[in-house]
Structures are given as structure tokens and as C-alpha cells.
Amino acid sequence: MNTLVAVAIAPFGVGDELAPYAAEAIRVIRDSGLSHRTTSMFTEIEGDWDEVMAVVRDATMALADQGIRTEVVLKADIRPGHTDTLHTKVEKVEELLAE
């Protein structure tokens, strides 16, 4: 079942600079081979439900397995019969704005 998630994986108690920790989680997502896009606050991942959730788990554990308290914020859009919603949702809005 096609699933698009927006996920933010963040450590707690490691100081003010979180970029090195975010990069560890994002590296796991990028290495997964699933379609993804990273913005300043979230990384979106698209694929089959089980594959996407496994990647979210693995990216989270990249920090938690180091003993770091880790928070995960996740929003999911499960849309049967659709694919590539990571791109098509934005394209539809851009087309409307261009009119």
C-alpha cells in the first residue's frame, strides 16, 4: 500500500547543534533507496507501508541505539491506487498557482 510520510527524528539532551545527529538519521533514509526529500524540518519518504516504516524505525534507532533520547514526529498519508505522491501533490498545486 503506497504510503507517504513526513518524519522528523530529533535527539534530546545532546546540546544546541542537532545537525550531526539529523544527518545520521537522514543518511539511513537516503541509503534505503526509497523516494525521499529533506526540508528544513522534515524528511518525506514514499513507498510501501512496511518498507517506509522499517526505514523510519532504522533511522530512529541510528540515534536511540547510541543511548540518545530520541523524539519522532510522523505524519502519514496512505493513499491506495496512487504512486509518486511525493512529487505529484506539489506539481498539482504549482499548476494551480501558475494559472
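How many salt bridges does a search of the whole structure find? I looked this up and got three. I note at the start that the model is predicted.

**Entry 1: Arg37 and Glu44**

I began with arginine 37. Arginine 37 pairs with glutamate 44 in a salt bridge. Their closest N and O atoms sit 2.8 Å apart. Arginine 37 has 27% relative accessibility, so I put it down as partly exposed. Glutamate 44 has a relative accessible area of 21% and is also partly exposed. Buried would mean under 20%.

**Entry 2: Asp58 and Arg57**

I then turned to aspartate 58. Its salt-bridge partner is arginine 57. I read 3.0 Å between the closest N and O atoms. Aspartate 58 is partly exposed at 35% relative accessibility. Arginine 57 comes out at 49%. Exposed means over 50%, so arginine 57 stays in the partly exposed class.

**Entry 3: Lys89 and Asp77**

Which residue forms a salt bridge with lysine 89? I found aspartate 77, with the closest N and O atoms 2.7 Å apart. I looked up where the two partners lie. Lysine 89 belongs to helix H3 (residues 85–98), and aspartate 77 to strand S4 (residues 69–78). The pair therefore ties together parts that are twelve residues apart in sequence. Lysine 89 is partly exposed, with 36% relative accessibility. Aspartate 77 is partly exposed too, at 24%.

**Entry 4: a nonpolar patch**

Which residues make a nonpolar surface patch of about 300 Å²? I wrote down Met1, Trp49 and Ile78. I followed up methionine 1. It lies in the segment before S1.

**Entry 5: the largest pocket**

My last search was for empty space. Rolling a probe the size of a water molecule over the atoms shows where such space is left. The largest pocket holds about 260 Å³ of space. I counted 17 residues in its lining. Ala8, Ile9, Ala22, Ile26 and Met41 lie nearest the centre of the pocket. Which elements give two or more residues to this lining? They are strand S1 (2–12) and helix H1 (19–31). I also sorted the lining by residue type. It has 13 nonpolar residues and four polar ones.

Technical notes. Residues numbered from 1 in each chain as written. Predicted model: local features only at pLDDT ≥ 70, side-chain atom pairs only at ≥ 80, totals over all residues. Heavy atoms only, no water. 1 Å grid on protein atoms, 1.4 Å probe; cavity = no way out; pocket = protein on both sides within 12 Å on 5 of 7 lines; lining within 4 Å. Points joined across faces, edges and corners; volume = space filled by probe spheres on them. Helix = DSSP H or I, 4+ residues; strand = E, 2+ residues; numbered from the N terminus. Nonpolar A, V, L, I, M, F, W, Y, C, P; charged D, E, K, R; others polar. Patch = residues over 30% accessible without salt bridge, like charges linked within 9 Å, V, L, I, M, F, W, Y side chains within 5 Å. Areas by Shrake-Rupley, 256 points an atom, 1.4 Å probe, with all protein chains shown as cover. Salt bridge = Lys/Arg side-chain N within 4 Å of Asp/Glu carboxyl O. Buried < 20%, exposed > 50% of the residue type's maximum accessible area, 1.4 Å probe, protein only.
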